[in-house]
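Subject: Structure handover

Hello,

I am passing this structure on to you, with notes on what was found in it. Please have it open while you read.

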Amino acid sequence: MEKRIIKEDFKKEIKDNVKRIYRKDFKEASTQEIYQAVALAVKDVVIDEWLDTQNVIDEQDPKTVYYMSMEFLIGRLLGNNLINLCAYTEVKEALEELNIDINAIEDQEPDPALGNGGLGRLAACFLDSLSTLGYAAYGCGIRYRYGMFRQKIEEGYQKEVPDDWLRETYPFELKRSEYQYEVKFGGFVRSETLPDGRIRFIHDGYSSVIAVAYDMPIVGYNNSVVNSLMIWDAEPKQVFSLESFDKGDYQKAVEDENLARSLVEVLYPNDNHISGKELRLKQQYFFVSASLQRAIQRFKKKHSDIHRLPEKVVFQMNDTHPTLTVAELMRLLMDEEGLGWDEAWEITTHSVAYTNHTIMAEALEKWPIEIFSRLLPRIYNIVEEINRRFCLEIESKFANDHDKKARMAIIYDGQVRMAHLAIAAGFSVNGVARLHTEILKNESLKDFYDMYPKKFNNKTNGITQRRFLLHGNPWLADWVTDRIGDGWITDLSQMKKLAVFADEEKAQQEFRNIKYKNKVRLAKYIKEHNGVEVDPNSIFDVQVKRLHEYKRQLLNILHVMYLYNKIKENPDMEFIPRTFIFGAKAAAGYRIAKLTIKLINNVAAVINNDKSINNKLKVVFIEDYRVSNAEWIFAASDVSEQISTASKEASGTGNMKFMLNGALTIGTMDGANVEMVEEMGEENAFIFGMSAKEVIEHERLRDYNPMDIFNSDQEVRKVLMQLVNGFYSPNDSELFRDIYNSLLNTQCTQYADTYFILKDFASYAKAQEAVEAAYKDEAGWAKKAILNIANVGKFSSDRTIQEYVDDIWHLDKITVR
């Protein structure tokens, strides 16, 4: 394929952009202004291919997937677009000739605040793979103005501040004012009988906003395919009511504007109160309704028969947040397209599919009927009817099991259960790792599996190697290409060819050199951002992920405290220096998670300032963990902490990114860890803890008492007492009392040590001893790391997406010439 970017032309274009946009000579431009000029020059190339892709889609009319997700954690786009355009080297060299470092330019781009954790990053990886594999797709979400939050650490505490990523113009988004749709809330529903006897439902007395589309390009790798991430902003239907203002009702005058603004300000508003719950539900309906209206409008441009919708469109619901897709599609088909219930249900149930991402009860959304019916009255009417018919179906299939209807009903006990709606309507229900899917089928969703066994299937998650190796770790990427060629960029299974080098001394030394360079790079970042000097020769032991109790960051930091005690008690003990690196955001209303962050930082303050331990231990909490710093973290890591309570992690994808970059896993047999160990070999990981089966059995019997461990294990007892004796909080010995109570004390609302931290502690400590012993053997460690990389092929999102296409979506490839 011919070059998309010619160096001399590119240099001229960015200089012209600076002059045109800022009325400046290039030498006077700031780094931010140069970034904007470079991004716009790249955007020009992208738009040409974007238009070509759209023209091909218009000609070929392929089936299209609409990937419905509350989150898209896409990361910075400049570098990723250049990688996928195969133009990174040309632009890097062009900028060098202008005495500009491309890394400094990339650092000017904010991470778009459109997601938070693994759910959003998975969605972004999937879009990348869809474009690279040549399938027509739209990502559908919300254009959050401030994201979830930008994390600041002040005196060890997490502080949430607005993530103002749109403060400067974001060059890779495109406002599509031609796509505007009204979305209605509140009011009431009335009915009228039409001359032909049909009943028409009319929504009156509502307030509404206008959803306005913004598109971002999703560039495929070296194939000229550019799909769209379609995110919705909200604008008021009436910007300002002069009539209300003149009457002195100043609040009413700006009511529409306030409603619109609130819908798109933040991701996952705190729902510990009624108004937060209401806002979350409104957000979900807002983006679902707008996306479906655009999808149907687009379908009707080429097709006059709405019954053919499932032939050309599929809606994939990424977790329960977009489940309103079911009822909204029914509403549009009946109220706007004039179909009867049975026709609409036939279309809907062949158009929507559901991905389950959790077995955690609190994450399977349930909405109070009072809120749901008040905010979405017509949608609630439809859900009621779906539930009535679904309950009749349950009764007909399980006549002798009277409890089944209560367990399975969509509306029950004053709540609307969204996962139940998604399963009842979806033609496919998939888990995201083999173990997770089996738990869904045999435990948490067993009733539904008994009823619809053919709906259930597994699609183990994956990641894009183009961002997390080709862009994030260029030294390692070049080494891999030198060894096996560049076919791995679009076919990760080719990494298998690396296995023959695992025993080669030269390859091992080269790998160690690359890892050391990446550790030096991260150490510099840590020094600049945390003020802590860390030794690149130490073991970089890393846990970076959303903070939740089941992910067990607490187990990790308790073990750090345990190690510190051992070093203090035995100053001359043999010990390879360790740097424990954490990165995590806790939800604003998640008190115990935020207290865990405070604990990590307090432990860090004590250990990092204790000169007597001679830098044997360091603890670092990286502020505002996000995609851009994650790339550097994965590249530099020696040890990957994947230590969730077995049965609780659906899949995980951070585990795969570490594996891709040659970090060795210490983990439980949970989520995708199980399949990773199968691929890499258990001898190339450090596995500990109870199995999922054992955890589930303890939960069923409720026979675990953490006080038994507290009373019998002196070292564990010392660590736990340090939580409440002021050792890590001398000014407030009670600061960490709630953490202590969560592990031991039945004052908690749930039984103590819900996530079996103390139960798995001894096994974890033993596995960490195995890590240290293995690390002493430099050649052996490098061999294990190379074999991790060599066996990562299964965990590409390209493989995952192809499975979705083959088994669920049935899309046709497009070819852009």
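This is a predicted model: local features need pLDDT of at least 70, side-chain atom pairs count only at pLDDT 80 or more; totals for chains, interfaces and linings use all residues.

Residues are numbered from 1 along each chain as its sequence is written, and side-chain values use heavy atoms, leaving out hydrogens and water.

Helices and strands here are DSSP runs numbered from the N terminus (helices H or I, at least four residues; strands E, at least two).

The helix pair

Helix α25 spans residues 627-636, and its axis lies 8 Å from that of α22 at an angle of about 135°. Axes are lines fitted to C-alpha atoms, for helices over the stretch in contact, with angles from 0 to 180 degrees between N-to-C directions. The crossing is left-handed, meaning that the near helix is turned anticlockwise from the far one by less than a right angle. Contact means heavy atoms within 4.5 Å; on the α22 side the residues that meet α25 include Lys515, Leu522 and Tyr525, and on the α25 side Trp632 and Phe634 are among them.

Two strands pair if DSSP finds at least two bridges between them; β17 (residues 539-544) and β18 (residues 578-583) have 6. In one of these bridges, Asp541 is partnered by Phe580 of β18.

The sheet of 3 strands

Another open sheet has the order β12-β14-β13 with antiparallel pairing. Its edge strands are β12 (366-368) and β13 (411-412). β12 is joined to β14 (residues 415-417) by 3 bridges, and Pro368 has Gln415 as its bridge partner in β14. Helix α17 (residues 418-425) packs on this sheet, touching β12 and β14, at about 45° to β14.

Cysteines

The count is 0 disulfides, a disulfide being a pair of cysteine sulfur atoms within 2.5 Å. For Cys140, the closest cysteine sulfur is that of Cys125, 18 Å away and too far for a bond. Cys125 counts as buried because its relative accessibility is 1%; buried means under 20% relative accessible area (1.4 Å probe, protein chains only). Cys140 is buried at 0%.

Regards

Notes:
Buried means under 20% relative accessible area, exposed over 50%, partly exposed in between (1.4 Å probe, protein chains only).
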